[in-house]
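Visitor: I should like to be guided through a protein model, one question at a time. May we begin by looking at it?

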Amino acid sequence: MGGAMATIVAFADGTTSLYTSTGGGVIGAGAVPAVRAANQALLRVVESQLEAFPRSATDAPPGDGEVSFVVLTYDGPRRASAPVKGLFDGPHPLSAAWSAANEVMTQLRLAQEATPPAAAAQISR
């Protein structure tokens, strides 16, 4: 968005991180209960809608104004993309995943804001 990209990484073991193309990010926030809960909610949504993510081996970044979800499964990678505007404007097959991913970002931000500066250095860069 705005010429920059953000990548959320959410693993089943609770590992949760955010990387930005501008060099920022949050690493190791899965230890924060609210972040871990948002991570698990995102994974449940994706798992319940796995058919919306076709198998794909491409690793191309999303286009301008587009969101891409890459889901790693035991059967190989899956990927689905959608215009951001379409995710906000009404029902879209990826709207629930988009909403859950936004909740992960919100909880990452709140965790970072609530963490004392010395400890924040451990979960943020």
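Visitor: What share of the accessible surface of the chain belongs to carbon and sulfur atoms?

Guide: The model is predicted, so local features need pLDDT of at least 70 and side-chain atom pairs count only at pLDDT 80 or more, while totals for chains, interfaces and linings use all residues. Residues are numbered from 1 along each chain as its sequence is written, and side-chain values use heavy atoms, with hydrogens and water left out. The accessible surface of the chain comes to about 7500 Å² (by the Shrake-Rupley method with a 1.4 Å probe; for residues, only the protein chains shown count as cover). The part belonging to carbon and sulfur atoms is 60%.

Visitor: What percentage of the residues in the chain is buried?

Guide: A residue is called buried under 20% relative accessible area, exposed over 50%, and partly exposed in between (1.4 Å probe, protein chains only). The chain has 125 residues, and the buried share of them is 31%.

Visitor: Of the contacts with a separation of 6 or more, what percentage joins residues 24 or more positions apart?

Guide: Contact means heavy atoms within 4.5 Å. Among the contacts in the chain with a separation of 6 or more, the share from residues 24 or more positions apart is 44%.

Visitor: Which element gives the largest share of the lining of the largest pocket?

Guide: A pocket is found on a 1 Å grid over the protein atoms alone, as an open set of points where a 1.4 Å probe fits, with protein on both sides within 12 Å along at least five of seven lines; lining residues have an atom within 4 Å of a point. The largest pocket holds about 1500 Å³ of space, where volume is the space filled by probe spheres set on the points, joined across faces, edges and corners. Strand S1 (6-10), helix H1 (33-48), strand S4 (66-73) and helix H3 (95-114) each give two or more residues to its lining. The largest share, 8 residues, comes from S4.

Visitor: How many residues of the lining of the largest pocket are nonpolar?

Guide: The lining has 42 residues, and Thr7, Ile8, Ser68, Phe69 and Val70 lie nearest the centre of the pocket. Ala, Val, Leu, Ile, Met, Phe, Trp, Tyr, Cys and Pro count as nonpolar, Asp, Glu, Lys and Arg as charged, and the others, Gly among them, as polar. The lining has 6 charged and 10 polar residues, and its nonpolar residues number 26.

Visitor: Is Ser17 buried or exposed?

Guide: Ser17 is found in strand S2 (residues 16-20). Not counting residues up to four places away in sequence, Ser17 touches Thr7, Ile8, Val9, Val26, Ile27 and Gly28. Because its relative accessible area is 5%, Ser17 is buried.

Visitor: How far apart are the end C-alpha atoms of H3?

Guide: The expected span of a helix is 1.5 Å times one less than its number of residues. For the 20 residues of H3 this should give 28 Å, and the distance between the end C-alpha atoms agrees, at 28 Å.

Visitor: With which residues is Gln107 in contact, leaving aside its neighbours within four places in sequence?

Guide: Gln107 lies in helix H3 and, at 15% relative accessibility, counts as buried. Other buried residues of H3 include Val104, Leu108 and Ala111. Beyond those neighbours in sequence, the contacts of Gln107 are Ala34, Val35 and Ala38.

Visitor: What is the C-alpha separation of Ala52 and Ser81?

Guide: Ala52 is placed in the loop between H1 and S4 and is partly exposed, with a relative accessible area of 24%. Leaving out residues up to four places away, Ala52 touches Ala80 and Leu94. Ala52 and Ser81 are 29 residues apart in sequence, and their C-alpha atoms are separated by 9.8 Å.

Visitor: What is the relative accessibility of Ala80?

Guide: Ala80 lies in strand S5 (residues 76-83). Its contacts, apart from neighbours within four places in sequence, include Ala52, Pro54, Val67 and Leu94. Ala80 counts as buried because its relative accessibility is 8%.

Terms used:
Helix = DSSP H or I, 4+ residues; strand = E, 2+ residues; numbered from the N terminus.
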